[in-house]
Amino acid sequence: MSASNALLPLVDSFGRVHTNLRISVTDRCNIRCFYCMPAENVQFMNRRELLTFEEIERFVRVAVPLGLNQIRLTGGEPLVRKDLHVLVAKLAAIPEIIDIGLTTNGILLADQAKLLYEAGLRRINVSLDALDPKKFEEITRRTGYEKVLEGIVAAQEAGFSPVKVNAVAIRGLTEPELVPFGHFARKAGVEIRFIEFMPLDADNAWEREKVLFAHEIIETLSREIMPLVPVAGQNRNAPATEYVFEDGVGRIGFISSVSQPFCGSCDRFRITADGKLRNCLFSLDETDVKSLLRGEADDATIAQAIRDSIAAKKEGHEINTARFIQPLRPMHSIGG
Ligand code: SAM
Ligand code: SF4
């Protein structure tokens, strides 16, 4: 790498600038959502394969001069990784990192919300696909519904504002949850974000017919509760499109990855828990950064590996075409 391009931003061949890193801290999880993991006998990564907090911090510090300034911690379930707040504190101490978020299933959140907030975490998304406990168990194949609700309250009490709730929308399964979620957004002061079901399940059972589309949810909520109106002044490049009920109470976001892909403005790259760099959720190729971190590679070599990965990024995910090939890793192993 020449000294002249050492500090250029991470721009791909479509002109997209990459500033946003998703870090998966584990592929393990305490539940088994059917759209993300197999039901049983999951082959988890050996713990020695997981990047240490020090390795993650070094990777981030190498990427910061290339323009990285936002991070989201994910997994698997990130709160099953011991002492996650220690990693948060390490990352929060890097001045250029202006935003650290976490996506969690919330089951262990009541115990950790305060610690995480004190460590510097400010944004939290709790995944909850159903407000009916039986439906929750059908989807997650585990118990824990009450714990998730306790986790949401604990996060609010710890100071996270707003807490966002991610709900995967699945046709034939979660339609009865839409209206309760609309009321929940209005009463509990959380923002609900409906996510279109994507082909990242372990069982390869995704079908386009199972995707409950954002426009259908907007119609249902507008009819059954009151009209939803788009929030003014939104960042048009953000993955979520935000709406609010017309009386101003209750915010609903939509991540329409299938019906309205946001690939054209994607600014994200990812590192898996076992240290593989991925330039897209749906990428079929990975760069082995762990070998570099554990070998003799200097920072410039790692920075060049990041540049090369971004340079090779494809234009979009192709879910809506016959060319689409589902990645071998299911969602829990990539990091959602
Ligand atoms: N365990 C944490 C959780 O569930 O929030 C973090 C990891 S999870 C993989 C991150 C997000 O991806 C969750 O909101 C989850 O609902 C979502 N997700 C997982 N599989 C998905 C799929 N096939 N389609 C759409 N969203 C999915
Ligand atoms: Fe676990 Fe999150 Fe995947 Fe559900 S979506 S199985 S909570 S990693």
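Ligand 1 has 19 residues around it, of which Y35, G76, E77, S127 and M198 come nearest; a residue is near if one of its heavy atoms lies within 4 Å. The model is predicted, with local features needing pLDDT of at least 70 and side-chain atom pairs pLDDT 80 or more, while totals for chains, interfaces and linings use all residues. Residues are numbered from 1 along each chain as its sequence is written, chains are lettered from A and ligands numbered from 1 in the order written, and side-chain values use heavy atoms, without hydrogens and water.

- An oxygen atom of ligand 1 lies 2.5 Å from a side-chain N or O atom of S127.
- A polar backbone atom of G76 is 3.0 Å from a nitrogen atom of the ligand.
- A polar backbone atom of T104 is 3.2 Å from an oxygen atom of ligand 1.

**Shell and cover**

- On its own, ligand 1 has 540 Å² of accessible area (Shrake-Rupley, 1.4 Å probe), and the protein covers 95% of this.
- Strands β3 (99-104), β5 (164-169) and β6 (191-196) each give two or more residues to the shell; strands are DSSP runs of E, at least two residues, and helices runs of H or I, at least four, numbered from the N terminus.
- The shell comprises 8 nonpolar, 9 polar and 2 charged residues (Ala, Val, Leu, Ile, Met, Phe, Trp, Tyr, Cys and Pro are nonpolar; Asp, Glu, Lys and Arg charged; the others, including Gly, polar).

- In contact (heavy atoms within 4.5 Å) are R58, F59, V62 and A63 of α1 with D299, I302, A303 and I306 of α9.
- By class, this contact has 6 nonpolar, no polar and 2 charged residues.

Terms used. Polar contact = N/O pair within 3.5 Å; in protein donor to acceptor, adjacent residues only side chain to side chain.
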